[in-house]
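Biologist: Could you take me on a close look at one part of this model, the sheet and the helices around it? I would enjoy a connected walk through it, with residue names wherever you have them.

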Amino acid sequence: MAETQVTRQASTFPWLQHYPPSTPHNVDDKLGKTLVDLLEESKQQYASRPAVESFGVSLTYAQVDEIANKVAGFLQAKGLVKGDRVAIFMPNVAAYIPILFGVLKAGGIVVNTNPLYTPRELTHQMKDSGAKFIFFLSLFEKTVAAADKAVSFDTMVRVEVGDLLGLKGRLISVVARRKQGVTKKDRQSQAISLQTALKEGAKHGFVPVPITPDDLAFLQYTGGTTGVSKGAMLQHSNVQANTEQCVAWFDPVLDRENKRHIMIGALPLYHIFALTGCAFFTLRIGGTALLITNPRDLKTFTTTLRKRPFTIFVGINTLFSALADHPDFPNADFSHLSVCIGGGMATKSIVAEKWKKITGFPIIEGYGLSETSPGATFNSPRIDCFTGAIGFPWPSTEVRILDAEGQPVAEGEIGEIAIKGPQVMRGYWNRPEETARVFTEDGFFRSGDMGLMLPDGQFKLVDRLKEMINVSGFNVYPNEVEDVIIQMPEVKDIAVVGLPDDHSGEAVTAFVIKRDENLTEQQIRDYCRETLTGYKVPKKVVFKEELPKSNVGKVLRRVLYEEAVGGKNLA
């Protein structure tokens, strides 16, 4: 019966025929658990192993669980009940993961929040989510204090950079405050310290809460690049399923019987790609999450990579590019590396080529969204070189390409990518109309991204539906134009946007950061004409010193558009 089912699936879903023999077609037998179960099982199996490492100091799985219990007890003492939302407003510090699990153990819903948000942005997210509890890094206290005036938090906990790291951590915290020019006199909120919270939590004790896979674990806010930021409701089952899919997909190259894995956690944990791909994936396989608090400090980052052997590297195009361009990066220790995973935004082929030349490993690119926890498709972990495709749907996942009416298109035709699987969100928080709009009648999530299916069942990403440029009725995809221009040695970075044009409706406009100051607009246009049809060639080139980016490093085309047209939104 099982063989018949697999055969029928393989004929319906062509990608299954290209799975490695050891990769299951589904992970159904691994489902039905919560993220609290994940930590408990890993603690039982790997209690004395280092789970988290920061600034050279480690916390074991047993320590992470113990701290999480204290956080949960503290929250219960402060009146948190199951379903309450708790914000985490921090970069990648050692306390992040224990706090996260503490919230989940208490039955709370985690609201991951970008610590570089302005008071206005933080206030919006707190009001929208209804979060009344917040853990924040002390360096951002002014922002939290400003938001508190509008939100009136019930409980605020101040976390230092070096909390949980002993004497070395206290010294690190002092240095961090001095660098930012922050003193105790600058404190503006009624927050208590994490150490005080942990003491209260230990005194109160933690009373276990019944948690089911269907309970919400996260309100994961979308980046807001296509409009107002919305909270994707991710259940324990969604993120747990995606973690199992990740394990099933990459296990063939991990050799877990003979190797203990160290994951470089440079992407911010508040972002869904790092949350699942770094934190939960690492803990599920008994590895160590080596957290990089400030990846923009490339000198310190590359020093860490040189001194600390690592086995898994997860990044996005801008991070890969910045490291590949840094003179110290080739001196990093790649001798233990097993796999390099890319996602979060389209990886440029020229960046992937540089990366492999330096590290010896290709970037295994995948695709997903906050709404899919995030992984949906991935290249095979055994590829020899970068493909430019986003790969095959993961186990237990179905992907379709739909037309404007929601009907499947023929193989090779461009349409909207739609996804169905156990990792797909329940919906958007308090937005039933938005939820209904993005789901088909048969339960597929409409991503808003344009793509196509290749003959072997792999998928290729074309661009965002709302960022597609219409030139006199012809569709131009910004990614395609960007991929051409970035090949020029004189170009360091590029973003392409469609701006209003009286003649053609929209005009292809390239915003360029020069690598060579002698580069001209005409050179770029001439270069494009060699490989692009006429209507795709930029009508205008704007040279800039920098491009607006999210804290994850994704170029914000919307911001470029708004700046160019005087505040009108691209969406």
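Modeller: Gladly, and please keep in mind that this is a predicted model. Let me start with a pair of helices: the axes of helix H2 (residues 35-46) and H3 come within 8 Å and cross at roughly 140°. With that angle, H2 and H3 are therefore oblique to each other, and H2 passes H3 in a left-handed crossing. On the H2 side, the residues that make the contact are Leu-39, Glu-40, Ser-42, Lys-43 and Tyr-46, and on the H3 side they are Tyr-61, Ala-62, Val-64 and Asp-65. Sorted by class, the contact of H2 with H3 has 5 nonpolar, 1 polar and 3 charged residues.

Now to the sheet itself. It is an open sheet of 9 strands, in the order E2-E1-E11-E10-E12-E13-E14-E15-E16, and its pairing is mixed. At the edges are strand E2 (57-60) and strand E16 (392-393), each of which pairs on one side only. Helix H3 (residues 61-77) packs on this sheet, where it touches strand E1 (50-54) and E2, and the direction of H3 makes about 75° with that of E2.

What about the side chains of E11 itself, which way do they point? Thr-288 and Leu-290 point one way from strand E11 (residues 288-291), while Ala-289 and Leu-291 point the other way, and all are buried.

Gly-342 is buried, with a relative accessible area of 0%. Leaving out residues up to four places away in sequence, Gly-342 touches Phe-273, Gly-315, Phe-320, Ile-363, Ile-364, Glu-365, Gly-366 and Phe-378. As a distance you can check yourself, Gly-342 and Phe-313 are 8.6 Å apart in space, C-alpha to C-alpha, and 29 residues apart in sequence.

Strand E15 (residues 375-378) and E16 pair in the antiparallel sense over 2 bridges, and the bridge partner of Thr-377 in E16 is Pro-393. Helix H9 (residues 236-250) packs on the sheet here, touching strand E13 (339-342), strand E14 (363-368), E15 and E16. The direction of H9 makes about 15° with that of E15.

In helix H5 (residues 119-129), the buried residues are Leu-122, Thr-123, Gln-125, Met-126, Asp-128 and Ser-129. The buried residues of H5 pack against strand E3 (85-89), strand E4 (109-112), helix H6 (141-151) and strand E8 (216-221). After H5 comes Gly-130, whose phi is positive, near 80°.

The axes of H5 and H6 come within 9 Å and cross at roughly 45°, so H5 and H6 are oblique to each other. The crossing of H5 and H6 is right-handed. Pro-119, Leu-122, Thr-123, Met-126 and Lys-127 in H5 meet Thr-143, Val-144, Ala-146, Ala-147, Ala-150 and Val-151 in H6. By class, this contact of H5 with H6 has 8 nonpolar, 2 polar and 1 charged residues.

Finally, there is E6. In strand E6 (residues 155-159), 5 of the 5 residues are buried, so E6 is largely enclosed by the rest of the structure. Thr-155, Val-157 and Val-159 point one way from E6, and Met-156 and Arg-158 point the other way. E6 runs parallel to strand E5 (residues 133-137), and 5 bridges join the two. Within that pairing, Phe-136 stands opposite Arg-158 in E6.

Key:
Residues are numbered from 1 along each chain as its sequence is written. This is a predicted model: local features need pLDDT of at least 70, side-chain atom pairs count only at pLDDT 80 or more; totals for chains, interfaces and linings use all residues. Side-chain values use heavy atoms; hydrogens and water are left out. Buried means under 20% relative accessible area, exposed over 50%, partly exposed in between (1.4 Å probe, protein chains only). Helices (H or I, at least four residues) and strands (E, at least two) are DSSP runs, numbered from the N terminus. Contact means heavy atoms within 4.5 Å. Axes are lines fitted to C-alpha atoms, for helices over the stretch in contact, and angles run from 0 to 180 degrees between N-to-C directions. Angles under 35 degrees count as roughly parallel, over 145 as roughly antiparallel, 65 to 115 as roughly perpendicular and the rest as oblique. A crossing is left-handed if the near helix is turned anticlockwise from the far one by less than a right angle, and right-handed if clockwise. Ala, Val, Leu, Ile, Met, Phe, Trp, Tyr, Cys and Pro count as nonpolar, Asp, Glu, Lys and Arg as charged, and the others, Gly among them, as polar. Two strands pair if DSSP finds at least two bridges between them.
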